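Please open the model in your viewer and keep the selection panel at hand. The tour below moves from a group of strands to a helix and then to the pockets.

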Amino acid sequence: MSANHGLLCPEAPIQRTQYPYVTGTSVVAIKYKDGILMVSDLGGSYGSTLRYKSVERIKAIGKHSLLGASGEISDFQELLRNLDELILYDNMWDDGNALGPKEIHSYLTRVMYNRRNKFNPLWNSLVLGGVKNGQKYLGTVNMIGVTFEDDHVTTGFGNHLARPILRDEWHENLTFVEGVKLLEKCMRVLLYRDRSAVNKLQIAKITEEGVTISQPYSLKTFWNYSAFENPTSGAEGSW
């Protein structure tokens, strides 16, 4: 190889996750009376193939925060490594204080927007919830750094199918049981309509007492609706 090969044939630009490979679908989260509830399924799609069915996409971050992610699984794992380093650095100060959900969310917005500006985004939509000093916090940020806070947030298909349900039925005094039923209703609708969803869920809650993430479980479903049995009935055209 000639010495000037690098000048004649420059290296190709880095293209890691310029297109997502293994992805997870919707995350849904709400505030309830005592804290935050978050749910996602455990599916991981390789392109359009539902390849993996045990991908956990909800993780505890430090003492006060809970993170859920849609999108590229490897990018989510990279984010978790970065967050582990951040939490470790914060703990090393040993000053009796710990990063809260507002600080973690702010950090994530800067990371996502920074990577977007480098044209090498982390291909995720993130939901960050938590409780600190009695204050509930729930926010989201997407792969280009668009961020907001709300009483209920969703990612993926949940923005189209679950958010209308939450707008109609959510209220600030939801009990834990009512909150779980509302999230399960959202996930059932997503299971019926989102091809990337699987009937294997995890629900997580965070309160002042700490984080609890459930074991995976399945929802009861009903597939004998007439619209499911004959989906093209009444449709126009040759289909």
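Which residue of β12 is the bridge partner of Val-39? It is Ile-203. Before going further, note that this is a predicted model, in which local features need pLDDT of at least 70 and side-chain atom pairs count only at pLDDT 80 or more, while totals for chains, interfaces and linings use all residues. Residues are numbered from 1 along each chain as its sequence is written, and side-chain values use heavy atoms, with hydrogens and water left out.

**The strands around β12**

Select residues 201-207, which form strand β12; strands (E, at least two residues) and helices (H or I, at least four) are DSSP runs numbered from the N terminus. Six of the seven residues of β12 are buried, so the strand is largely enclosed by the rest of the structure; buried here means under 20% relative accessible area, with a 1.4 Å probe and protein chains only. Ile-206 has Val-211 of β13 as its bridge partner, and a hairpin leads from β12 to β13 through two residues.

**Helix α3**

Next, select residues 101-117, the 17 residues of helix α3, which reaches 24 Å from its first C-alpha to its last, close to the 24 Å expected at 1.5 Å a residue (the expected span being 1.5 Å times one less than the number of residues). Within α3, colour Pro-101, Ile-104, His-105, Leu-108, Thr-109, Val-111 and Met-112, which are buried. These residues lie on the same side of α3, because they cover an arc of only 165° around the axis, as given by the directions from the helix axis to the C-beta atoms.

**The largest pocket**

Finally, display Pro-20, Thr-23, Gly-24, Gly-71 and Trp-123. The largest pocket has a volume of about 490 Å³, and of the 24 residues that line it, these five, Pro-20, Thr-23, Gly-24, Gly-71 and Trp-123, are the closest to its centre. A pocket is an open set of points on a 1 Å grid over the protein atoms alone, where a 1.4 Å probe fits, with protein on both sides within 12 Å along at least five of seven lines, and lining residues have an atom within 4 Å of a point; the volume is the space filled by probe spheres set on the points, which are joined across faces, edges and corners. The elements that give two or more residues to the lining of the largest pocket are β1 (22-24), β4 (44-46), β7 (65-72) and β8 (124-132).

Definitions and conventions
Buried means under 20% relative accessible area, exposed over 50%, partly exposed in between (1.4 Å probe, protein chains only). Two strands pair if DSSP finds at least two bridges between them.
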